[in-house]
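Hi,

Here is the structure I said I'd pass on.

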Amino acid sequence: MPRIRHQRCPACRTDGLVATSNPSILDCRQCHGLWFEDGALNQAIAHQHDCIDEYDHEVHLGPALRASDRQCRRCRVPMVHYQLLEHYTTEIDCCPDCDGVWLDRHEIDQVMHSPKLKQALTDLNQKVTWKSWLFQFLTSMPVEYNIQPHRTPWVTRTLVVLCSLIFVAGLLTPSANEWIFVNLGLNSDTQSPAHFVLQLLTYQFVHGGLMHLVGNMYFLWIIGDNLEDALGHGAFLALYLFAGVMAALAELLLFDTAQGPLLLVGASGSIAALFGLYLMWFRHASLSFMIIVYQKKLAPHWYFLIWSLINLFGMFTAQGGVAWAAHLGGFALGLLLGYLMRDYVLRKNPLIALLNQPEAVLRR
């Protein structure tokens, strides 16, 4: 049996460093950190990403911070702490003489994903522009700053198209519009249990006016793509429809039947649940908010806090025509599901997990 040569680890200072399948990368059997000889880290990062042929981590490093208390395993000189990226404060140890790099165990994933982290933080830290200001001033709709999804959001697009087609069909004739509202809208006086259950699904695709449709579809469009990317197509659709059903039941539970039958239409309850998921998983994202003419990027928890307060005010002042309970019920469900599924989603989406770490520096 060949003898394994152990070398001194810069972190735990035991003789635990042994060569991996790549002789330029050494693994510590004690603390499980990794040592990279000059150039080996760049090769490992490039190998991790299919779209990168060559990479130079030194070009993307943040500032040199201070001398490290760790010594280079080769040169026996103090290493130097560098910030991994300008806007990601993880510190890695680099040798000033031989350019070797030491990574603690918890730093490995962050460094290997550093190209994607750099691009994501560049997108997230964009400043508001005159174009975004003009768009929000004219439409009263927020501008989203988030990472680009990797998969095409087919479900989100299909939902937008279906809702739009049903709305257009209702514009053709008054009788068509009446049929859509009577049969697809959720009516609390529906006698058939089977039809009532079906209406719990179909009401989510019916909208009462152009602005009702445009507002819902815009929010579904800007946040649905990221949620669909994080969950997968099937899980996203199932969760969306389930949230719509639960939001409708919340509205029915609190609706005063003395006022007459409830006719409920719109995707607002489903989308409110998406707001809750978005807040729990995409805390690094930003949504712009406009106060008269001043536009400001807000973290999702601030944006949806304002949205929740508006809905609470509408519900407690009994302003009619809006399903306030469905909005708040859907949002509460989204927060609960987002909390319960958070660890699963972050394991499945390492980039989202890394952007949720305190090391990510976000500018708003």
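Which residue forms a salt bridge with Arg66? In this predicted model, the partner is Glu91, with the closest N and O atoms 2.8 Å apart. The two sit in distant parts of the chain, 25 residues apart: Arg66 is in strand S4 (residues 64-71) and Glu91 in strand S6 (residues 88-94). Arg66 counts as partly exposed at 45% relative accessibility, and Glu91 is partly exposed too, at 24%.

That pair belongs to a set of six salt bridges in the structure. Another one joins Arg70 and Asp104, at 2.9 Å from N to O. Arg70 lies in strand S4 and Asp104 in the loop between strand S7 (101-103) and helix H3 (108-112), so this contact ties together parts 34 residues apart in sequence. Both Arg70 and Asp104 are buried.

Further along, Arg151 meets Asp229 at 3.4 Å, N to O. Arg151 is in the loop between strand S8 (144-145) and helix H6 (154-172), and Asp229 is in helix H9 (residues 210-231), so parts 78 residues apart get tied together. Asp229 is buried at 12% relative accessible area, while Arg151 is partly exposed at 32%. There's also a salt-bridge network linking Glu37, Arg73 and Arg74.

Glu58 is in helix H2 (residues 57-60) and is partly exposed, at 41% relative accessibility.

Cheers

Technical notes: Residues numbered from 1 in each chain as written. Predicted model: local features only at pLDDT ≥ 70, side-chain atom pairs only at ≥ 80, totals over all residues. Heavy atoms only, no water. Helix = DSSP H or I, 4+ residues; strand = E, 2+ residues; numbered from the N terminus. Buried < 20%, exposed > 50% of the residue type's maximum accessible area, 1.4 Å probe, protein only. Salt bridge = Lys/Arg side-chain N within 4 Å of Asp/Glu carboxyl O.
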